[in-house]
Amino acid sequence: METYFNIRYEFDRKAVHQSVDMRLNEPGSDYICVADGVILNTANRFPEYLDVVNGGMFAICDSSYVPLYIKWIHGKQYGQYCGSEIFLDIVASRKYRMIFLGTQQHILDGLRGNLMKYNPDVADMKFVELPFRMVSQFDYPAIARMIEEDGADIVWVALGAPKQEFFMSMLKPHLSHGVMIAVGAAFKFFSGVDASRAPQWMVRNHLEFVHRLSKEPRKQFARCFHIVRTLPGLLFREWRGMNSHGGMHPSKA
């Protein structure tokens, strides 16, 4: 694990999956955040949210730009591991019983049908629409009982950031088993209903944000505005932090 821009990242994909297996063999529950540019930006503006993002096992890097920033500032090479990739990797592994929480029922229905192509066991798993309400208003003990009666190992959560990260942190104390992973738009991507991920050529060229802007202009423009407005300061603070430790990253000092 490495800390960059105040977020604890795990960039090694093999280590991510090994950590999930290890955590499932221990008492209690935990969660993984899938940190894209929006989460990075929001976490560095709101300390309470940063504590939530760093309060789980670690975050994986769902941004193609963060590895570029790290290379520019620290000279280290890392890759992106986006939410849709870890989602499909775990579903297709057929290693775990899973439960899928969030979004609307028509998306969940489409998701179940499409995921059965990768994992036929999904047919016997729960897809649960959560009511639209403030994160503080969920009945967390009841949700935990439902999950534990189901016997799920992996709990997928799709409520959108920052709501889904707060949801996992508030559900964690009520669960005695399981790893929660917040995957944002992955449910929509694999449902075949409301959204699709950008073509690979756009992903490779760091243009996925253009695709999202074209699909949800009002929502994505507001997000991009905050990122662009605060990015120079974020990069400067990371650079200054490294140089104040003699070229060593603070997390390694």
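With a relative accessibility of 2%, C82 counts as buried, where buried means under 20% relative accessible area, exposed means over 50%, and partly exposed covers the range in between, for a 1.4 Å probe and protein chains only. The structure is a predicted model, in which local features need pLDDT of at least 70 and side-chain atom pairs count only at pLDDT 80 or more, while totals for chains, interfaces and linings use all residues. Residues are numbered from 1 along each chain as its sequence is written, and side-chain values use heavy atoms, with hydrogens and water left out.

**Exercise 1. Determine how many disulfides there are, and describe the setting of C82.**

The working rule takes a disulfide to be a pair of cysteine sulfur atoms within 2.5 Å. Applied to this model, the rule gives a count of zero disulfides. For C82, which is in no disulfide, the nearest cysteine sulfur belongs to C61 and is 10.0 Å away. Another cysteine, C33, is buried with a relative accessible area of 0%.

**Exercise 2. Find which strands pair with β3, and state how much of β3 is buried.**

Begin with the terms: helices (H or I, at least four residues) and strands (E, at least two) are DSSP runs numbered from the N terminus, and two strands pair if DSSP finds at least two bridges between them. Strand β3 spans residues 28-35, and seven of its eight residues are buried, so the strand is largely enclosed by the rest of the structure.

Next, look at the partners. β3 pairs with strand β8 (residues 177-182) in the parallel sense over five bridges, and in that pairing S29 stands opposite G178. β3 also pairs with strand β4 (residues 58-61), again in the parallel sense, over four bridges, where C33 has A59 as its bridge partner.

**Exercise 3. Repeat the analysis for β5, and follow F100 into its ring cluster.**

First take burial: five of the five residues of β5 are buried, so this strand is largely enclosed by the rest of the structure. Then take the pairings. β5 and β7 pair in the parallel sense over five bridges, with I99 opposite V155, while β5 and strand β6 (residues 126-128) pair in the parallel sense over three bridges, with F100 and F127 as bridge partners.

Finally turn to the rings, where those of Phe, Tyr and Trp (its six-membered ring) pair if their centres lie within 6.5 Å, and planes under 30 degrees apart count as stacked, over 60 as edge-to-face and the rest as tilted. The whole structure holds 19 aromatic pairs. One of them, between F138 and Y140, is edge-to-face, at 6.1 Å centre to centre and 65 degrees between the planes. F100 and F127 also belong to a cluster linked by ring pairs, together with F87, Y118, W156, F187 and F190.

**Exercise 4. Describe how α7 and α8 pack, and which residues make the contact.**

Two packed helices are described by the angle between their axes and the distance between the axes. The axes are lines fitted to C-alpha atoms, for helices over the stretch in contact, and the angles run from 0 to 180 degrees between N-to-C directions. Helix α7 (residues 140-150) and helix α8 (residues 163-171) pack at about 80 degrees, with their axes 10 Å apart. The two helices are therefore roughly perpendicular to each other, given that angles under 35 degrees count as roughly parallel, over 145 as roughly antiparallel, 65 to 115 as roughly perpendicular and the rest as oblique.

The contact (heavy atoms within 4.5 Å) is made by Y140, I143, A144 and I147 of α7 and by F167, M170 and L171 of α8. Within this set Y140 is buried at 5% relative accessibility, and α8 as a whole has seven of its nine residues buried, including F167 and L171.
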